[in-house]
Amino acid sequence: METSGRIASTPADTLEFTVDNVEKALHQLYYDPNIENKNLAQKWLMQAQVSPQAWQFCWALLSPDKVPEIQYFGASALYTKISRYWGDIPTDQYESLKSQLFSQIACFSSGSKMVLTRLCVALASLALNTMPEAWPGAVAEMVRAFQEEGGGVDGRARCLALLELLTVLPEEFHTSRLPQYRKGQVRGALGREWGSVSPLLQQLLRQADSPGAVKARVLRCLSSWVMLDVPLNESESLVHDCFTALPDPELFDTAVEAIEQLREAVQSGDMETCHGICRIVVTLGENHSSSLTLTFWYTLQDEIMSFESERQAVYLQVYRPVYFQLVDVLLHKAQFPSDQEYASWSSDEKEQFRIYRVDISDTLMYVYEMLGAELLSNLYEKLGRLLTNTEQPTSWQHTEALLYGFQSIAETIDVNYSDVIPGLIGLIPRININNVQLADTVMFTIGALAEWLADHPVMLSSVLPLVLQALGNPDLSVSSVSTLKKICRECKYDLPPYATNIVAVSQEVLIKQIHKTSQCMWLMQALGFLLSALPVEEILRNLHSLITPYIQQLEKLADETPNPSNKLAIIHILGLLSNLFTTLDISKQDDESGEGSAPPVKTTPPPPGPNPVVVVLKQVFALIQTVLSQWLNDSQVVEAVCAIFEKSVKTLLHDFAPMVSQLSEMLGQMYSTIPQASALDLTRQMVHIFASQTDHFPPIKALFELVTSVTLSIFQQ
């Protein structure tokens with residue numbers, strides 16, 4: 001551009017506001033590298049925008065042969081004149097201005113998006129200044145104008161232009177400079193116009209051939225109108241469509257935004273509207289597995305439960321039936337598909353379904369806070385009808401889902417006071433368990449009721465045979481072993497009559513190697529709990545039969561040359577011993593006394609003689625030393641050896657005393673040969689428990705000095 005054309009070279013007040021000069025100034029603003037020139041151009045253009053001549057040049061700047069930056073300035077000038085200088089426009093000019101804007105929007109519906117939006121904002125401003133008196137039914141006219149064919153503009157472009165116009169209209173209302181009395185009038189007029197907008201949005205959302213871009217714009221438009229407090233109770237189906245858009249990845253964010261606006265509207269709205277939206281969410285739950293809708297229920301429940309009691313009672317009356325309906329929907333969604341369909345699912349699909357069921361379980365647990373014992377009664381009645389109805393065959397999926405509901409609640413909520421649990425325990429043996437998923441849920445439900453069984457031990461005989469039978473099925477490994485462990489932990493003082501049977505079945509499955517390593521460890525912990533409640537001579541007899549096969553195996557392995565496969569076998573056997581000793585504790589009458597209660601009371605004095613764990617450790621001590629001598633440079637084997645003693649020390653505390661001297665000597669030898677972290681941890685445990693006892697002070701002191709000296713010498717290197 002020539003120097004003579006620059007704004008900088010001419011006094012700003014003498015340069016005419018013409019199309020040519022505006023274009024030069026815009027060129028200078030966008031492309032001149034000199035910042036001062038840019039600033040001068042900016043100032044001059046601002047003056048041009050508010051000048052009377054703007055009415056002449058703005059239409060010329062919108063010409064199709066201009067670049068978008070110039071067209072945008074023309075549209076902005078129009079908007080500025082309409083929004084800020086409305087009073088200057090003669091009344092008889094309103095119609096022509098309106099029709100020119102309609103025509104420009106139609107032209108730009110296939111042109112630059114930024115120019116189109118600016119023109120829509122200009123027409124929105126005109127509408128707000130003229131409705132309801134000078135332009136009654138403004139929105140209805142906008143909808144009609146863009147639905148008419150013609151002008152060479154394709155339908156999709158026209159539709160998007162209309163949606164843009166309808167979206168910016170409420171936004172412009174919120175930012176407009178209308179006087180307060182006018183704001184009230186216009187808000188009322190817009191509310192009445194919602195009847196023209198709502199059906200259009202609904203039609204576009206429901207049309208199968210509506211492109212994603214159109215649906216996304218519809219949702220944005222809905223968000224915009226919701227801010228005007230439009231009557232949502234008349235638009236329930238539109239709200240439903242909005243939720244339905246959630247599973248579509250293209251529409252997800254926009255749908256969430258619209259729902260957020262709806263939630264705000266609900267919070268300030270009436271009960272009828274709230275209830276309507278709740279019904280929609282329940283219906284959605286029936287048709288979609290979107291876990292996002294679950295969050296809605298948490299939020300609503302928190303709101304209701306936060307009210308003072310009188311107000312809360314009113315809301316509960318309205319919402320309790322809705323929440324019971326929600327439980328039905330969730331349990332329906334939690335049902336497994338047919339065996340054939342489930343078998344066709346990929347591992348990813350199965351995992352997604354598992355996670356979704358966990359989300360449902362968490363929601364049921366949360367909802368229990370609102371519905372209370374009536375929820376359990378409700379589930380029990382349904383299960384009872386299902387299992388006692390001989391006329392209609394029931395699907396295992398239905399039974400499993402109801403049990404899953406019970407399990408979800410009983411796992412974390414104290415159900416001891418519930419009067420339906422005895423009936424439930426009575427129903428469980430009537431279930432025809434012909435499927436792994438159902439069997440798993442039966443097991444987990446029994447496990448969730450372990451604390452209840454401790455208070456009602458007479459019911460153990462109904463369920464224990466089922467658990468022991470399941471123990472032999474590798475498909476039920478996790479559920480059966482974890483359930484047996486819970487029963488042995490919670491009910492150990494009621495289990496002596498069943499002990500022989502439990503030990504025999506456990507030994508059998510361990511020998512047959514039915515379970516994976518981690519389940520074998522859990523099983524040993526279960527047996528530790530079980531044995532703790534038996535007389536000492538019975539503990540020793542059971543320990544002998546339980547451990548002897550492993551000790552013989554370990555003796556064989558200790559003689560072999562170290563290799564990777566016998567290393568795994570050694571670690572496995574040492575792990576079984578340490579897990580058994582973790583829970584075998586004869587010193588406490590009741591170590592599950594619950595939080596806040598008095599410390600466990602020893603109702604009988606501890607039996608004379610050494611602790612059964614110490615007896616076993618003394619018997620296998622030489623063998624463990626032999627294993628160590630072969631594997632001292634392998635940190636995993638050393639760790640497994642230390643774990644046996646560490647678990648025993650933690651459980652037995654001062655009853656471990658007879659082992660202190662032997663173990664201190666062995667630890668000293670281990671650490672001075674090859675220092676390892678696990679040996680250091682065990683030393684710390686020993687020092688912590690026995691250093692204050694004069695009888696055991698010499699070996700502990702010697703061990704501590706040795707470990708310190710070896711560690712310091714490592715630091716010096």
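This is a predicted model: local features need pLDDT of at least 70, side-chain atom pairs count only at pLDDT 80 or more; totals for chains, interfaces and linings use all residues.
User: Which helices do the buried residues of α23 pack against?

Analyst: Residues are numbered from 1 along each chain as its sequence is written, and side-chain values use heavy atoms, with hydrogens and water left out. Helices are DSSP runs (H or I, at least four residues) numbered from the N terminus, and buried means under 20% relative accessible area (1.4 Å probe, protein chains only). The buried residues of α23, including V463 and L466, pack against α20, α21, α22, α24 and α25.

User: Which residues is I446 in contact with, leaving aside its neighbours within four places in sequence?

Analyst: I446 is among the residues touching the most other members of the largest nonpolar core, which has 146 residues. Such a core is a set of buried Ala, Val, Leu, Ile, Met, Phe, Trp, Tyr and Cys residues joined through side-chain atoms within 4.5 Å. Contact means heavy atoms within 4.5 Å. Leaving aside those neighbours, the contacts of I446 are I428, L453, V463, L466, V467, T483 and I487.

User: Is T651 buried or exposed?

Analyst: T651 sits in helix α30, residues 635-652. Its side chain reaches the backbone oxygen of T582 at 2.9 Å. With a relative accessible area of 15%, T651 is buried.

User: What is the relative accessible area of F715?

Analyst: F715 lies in helix α33, residues 697-716. This residue counts as exposed, a class that starts over 50%, because its relative accessible area is 66%.

Definitions and conventions
Helices (H or I, at least four residues) and strands (E, at least two) are DSSP runs, numbered from the N terminus. A polar contact is a pair of N or O atoms within 3.5 Å; within protein, one must be able to donate a hydrogen and the other to accept it, and residues adjacent in sequence count only if both atoms are side-chain atoms.
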